[in-house]
Amino acid sequence: MIAQLSGTVLSVRASTAVVEVGGVGMLVHSTPATLAELRADQEARFFTHLVVREESLTLFGFTAESERDTFEALQSVQGVGPRLALAMLAVHSPESLSHAVADGDRKALEQVPGIGAKVAARLLLELGGKLALPQGSASPAVPDARDQVEEALVALGWNQKAAAKAVENVAPEPIADADVPTTLKAALKAMGGARG
């Protein structure tokens, strides 16, 4: 795995840059903000993630390690590939994504082209605890994460009333963010797979 590279920028395009490393021109895909900082003939350092496919090797690079780590965490979510993860980082910084997930802010995630209600709900569900808030940055406490479970059920096709009733049945008391996946599974089981 190529985790980092440093070299001379040969050219910068709309979504990629070519960086010469040891006489080899490496094509690096990145966010518009990162690419805007690059200049031809200047040195640059990237924290990278190599995506290996049967037909291609694609290198994604970021100037901050936190961006690379967030990029990798986003791809752990079902249905989120490298292109969509890169689009998310083009719209949100790692810090704002961390806050959006910690706050259960589905609307912030839906600002990214290609992310609808279902994918946003899945991101909130599966990323809980995976995106670290920067040190010294505290997200406002979410007093009750049952709303996240209810929103996930609605995004998966159940009506609001049925979702609220199922959540109330399986979690009559407030729950923490860490308990969202378990509560969602219990609510799905309680609803018996019948959408209301």
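**The barrel and its surroundings**

Author: In β5, F60 is the bridge partner of H29. The model is predicted, so local features need pLDDT of at least 70 and side-chain atom pairs count only at pLDDT 80 or more, while totals for chains, interfaces and linings use all residues. Residues are numbered from 1 along each chain as its sequence is written, and side-chain values use heavy atoms, with hydrogens and water left out.

Strand β3 (residues 24-29) and strand β5 (residues 57-62) pair in the parallel sense over two bridges; pairing requires that DSSP find at least two bridges between two strands. Strands (E, at least two residues) and helices (H or I, at least four) are DSSP runs, numbered from the N terminus. Five strands close into a barrel in the order β1-β2-β3-β5-β4, with mixed pairing. From one strand to the next, the twist averages 55°.

Helix α2 (residues 65-74) lies across β4 (43-52) and β5, at about 10° to β4. Helix α3 (residues 82-91) lies across β3, β4 and β5, and runs at about 15° to β5. Angles run from 0 to 180 degrees between N-to-C directions, with axes fitted to C-alpha atoms, for helices over the stretch in contact; contact means heavy atoms within 4.5 Å.

M88 touches L74, L97, L109, V112, I115 and L123, leaving aside residues up to four places away in sequence.
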